[in-house]
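I want to keep a careful record of what I looked up here, one entry at a time. I begin with the words I need, and then turn to the places themselves.

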Amino acid sequence: YPWTRQYSTSQTTVDSSEIKTFLTLAHKWWDEQGAYAPLHSMNDLRVPFIRDNLLKTVANHQPGKPLSGMKILDVGCGGGLLTEPLGRLGASVIGIDPVDENIKTAQHHKSFDPVLDKKIEYRVCSLEEIMEETTETFDAVVASEVVEHVLNLETFIQCCYQVLKPGGSLFITTINKTQLSYVLGIVFAEQIAGIVPKGTHTWEKFVSPEKLESILESNGLSVQIVAGMLYNPFSGCWHWTENTSLNYAAYAVKSSDQENPVSAELVLKGETEELQAEASTNPNVHEKL
Amino acid sequence: MAAWLLGSRCGGAASRRAPLGSCRWWSDASADTVYDVVVSGGGLVGAAMACALGYDIHFHDKKILLLEAGPKKVMEKLPETYSNRVSSISPGSATLLSSFGAWDHICNMRYRAFRRMQVWDACSEALIMFDKDNLDDMGYIVENDVIMHALTKQLEAVSDRVTVLYRSKAVSYTWPYPFPMADSSPWVHITLGDGSTLQTKLLIGADGHNSGVRQAAGIQNVSWNYDQSAVVATLHLSEATENNVAWQRFLPSGPIALLPLSDTLSSLVWSTSHKHAAELVSMDEEEFVDAINSAFWSDANHTEFINSAGSMLQYAFAFLKPTKVSARQLPPSVARIDDKSRVLFPLGLGHAAEYVRPRLALIGDAAHRVHPLAGQGVNMGFGDVSSLRQHLSIAAFNGQDLGSMSHLTGYETDRQRHNTALLAATDLLKRLYSTRATPLVLLRTWGLQATNAVSPL
């Protein structure tokens, strides 16, 4: 590659092992035609999905920066593929990811755009940590291609609920747990065609829309939309579809009043509040839920 | 197989786009403004592009820069004499111009609508008459200076969004790497003649058929020079007339066109051999006027054979479709010309192999250069503006990186499809009508007659 030749002759003060990791990373996330290409093209669906549903919640918006004034949390932001468009639309976004390298890539990529740099903040942490570290709440939480990777879905959804403002929006995109999603999503996409890097997904952790809906509803999040998404590997484009047996998106809204509607969850909430109270009195104690 | 699938998804695009010119290692990120869009070239098409983006609702908070090498053209008052450089503006182009308020200025200055177009052969009686049902306006003849003034005025009105730098010529461009590299700037860097530099997320090349942007990007350009030059002049008609018809006659040496400017004035565009063009420009006024009138009126190129063959087909049509037979009309005769309005310029064809690269798009003559015989040149450019504006507007509303190939290739596909067809057709017509050879004359005679009789134009 011509650029590696150029590099070795001009830069000698930078740590070469850091650069090496950097090179492979940057290459992966932000190469629109590379390994993450399907995630780049998924923006054609998920950005309008988030944007249009958020716009419905406001009376009028600024032309040019439709999401200005909104605070969004992008959970599992990876290299910032979805975080950046949301920032460009005027929202103040916090992107979090547990993988240090991902945040480094995301941080580096946005640093070149002075406007974007100010709108987005990246942190290496989990959703639980955000919940503990800050009392700020968000107009929207985005968890795209994330819930199929979490340890405990119920807990995850509860944390989302906690960090949302009353009336706030939750946007999820994920993969259904069906025979079809095994055949196409794992066998074909990962093992045969390499559309998704091998080992990315575990079929057992896929979530059906019915299960997701029931968890959302039982945690005070009213489901507004569930829509199927279909990827065409030949055109590289995503399309909305009626069929949710593969990929799908969900949009739910936190109830506008503070009370948690379902009693079974009051116990858990009580625990959470206790822990939060403890945390505030003992700042050095970090309790994990 | 995985690699093949990934590659084929983009139609091999990933491998087709070779790394651009010289990539530069930008180790110190300067705190310069990063423009969202820089348009290089402030001619009719470049200025229209800057306007279209400046007035687009999704570009409200974006920073746009227009670079023009020449000085700002100020028109205090509309001059009485008409300029000899005019363009035939299609209704589609007029719609674009009115979308950002420029058409209103043009209407307040001057323009001429035409409702009919007669196109005929010098070697036969065959003709084709174009008009719209209800005799709607087919197009508008507008002086280029008038269009430019309207665009400049509209640009001034959005100066908070669009900055125009006059007397600024880009001397070099630095392209970004195809994908992010540690510490290398992802933007396009432009160095101006005075040494200052700019950064932009998207560079639009609107710098004419010898485009510096296109050359710097190393984009291949298919081009050839026609062995023709066009002579333009402003003509005074012998007598005032309604003058709402555009006339074009195909002479063996090239097409001659008379475009209406006012009741008493018309604009001439005469494409002919370099030698003949030079003669026309240097001969005295009377001779020139005679040459024009004779070019339109003379039947010297008719032959008995072609006349009979043509008449035969004409009778057939008269029998089958009596209403669709057009009698050949003659254009108004010319009395004299405007002093100093006679000018010539060479003609050629050009087409860029690619209209887009990452963070780069070509529009107007930078992407395609066409023969004036169809009056399409600037309309194709305005069509590019319309298409690119639409793609960029949607991209901006989706929060996308403006320089991303995903929507730039959409623009390229749209326009290449349209422009290539038009370029090829225009070129074919030019070649078809450049001959006296009987078989081809017969072919085009019958073809023209048939088209006139059959198609609902």
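Before sorting any residues, I note the classes: Ala, Val, Leu, Ile, Met, Phe, Trp, Tyr, Cys and Pro count as nonpolar, Asp, Glu, Lys and Arg as charged, and the others, Gly among them, as polar. I also note that this is a predicted model, in which local features need pLDDT of at least 70 and side-chain atom pairs count only at pLDDT 80 or more, while totals for chains, interfaces and linings use all residues. Residues are numbered from 1 along each chain as its sequence is written, chains are lettered from A and ligands numbered from 1 in the order in which they are written, and side-chain values use heavy atoms, with hydrogens and water left out.

Entry on cavities. I took a cavity to be a set of points on a 1 Å grid over the protein atoms alone where a 1.4 Å probe fits but cannot get out, with lining residues having an atom within 4 Å of a point. Grid points are joined across faces, edges and corners, and a volume is the space filled by probe spheres set on the points. I found eight cavities of 30 Å³ or more, and the second largest cavity has a volume of about 60 Å³. Its lining includes E84(A), R88(A), H109(A) and D113(A) from chain A, and W187(B), R359(B) and D401(B) from chain B. The lining of the second largest cavity divides into four nonpolar, one polar and five charged residues.

Entry on α3(B) with α11(B). Helices are DSSP runs (H or I, at least four residues), numbered from the N terminus, and axes are lines fitted to C-alpha atoms over the stretch in contact, with angles from 0 to 180 degrees between N-to-C directions. Helix α3 (residues 44-54) of chain B packs on helix α11 (residues 377-397) of chain B at about 25 degrees, with the axes 9 Å apart. That angle makes α3(B) roughly parallel to α11(B) (under 35 degrees; over 145 is roughly antiparallel, 65 to 115 roughly perpendicular, and the rest oblique). In their contact (heavy atoms within 4.5 Å) I listed, among others, L44(B) and A48(B) of α3(B) and F382(B) and V385(B) of α11(B). The residues of this contact divide into 11 nonpolar, one polar and one charged.

Entry on α3(B) with α6(B). The axes of α3(B) and helix α6 (residues 144-157) of chain B come within 10 Å and cross at roughly 25 degrees, and the two helices are therefore roughly parallel to each other.

Entry on α4(B) with α11(B). Helix α4 (residues 91-99) of chain B packs on α11(B) at about 50 degrees, with the axes 9 Å apart, so α4(B) and α11(B) are oblique to each other.

Key:
On a 1 Å grid over the protein atoms alone, a cavity is a set of points where a 1.4 Å probe fits but cannot get out, and a pocket is an open set with protein on both sides within 12 Å along at least five of seven lines; lining residues have an atom within 4 Å of a point.
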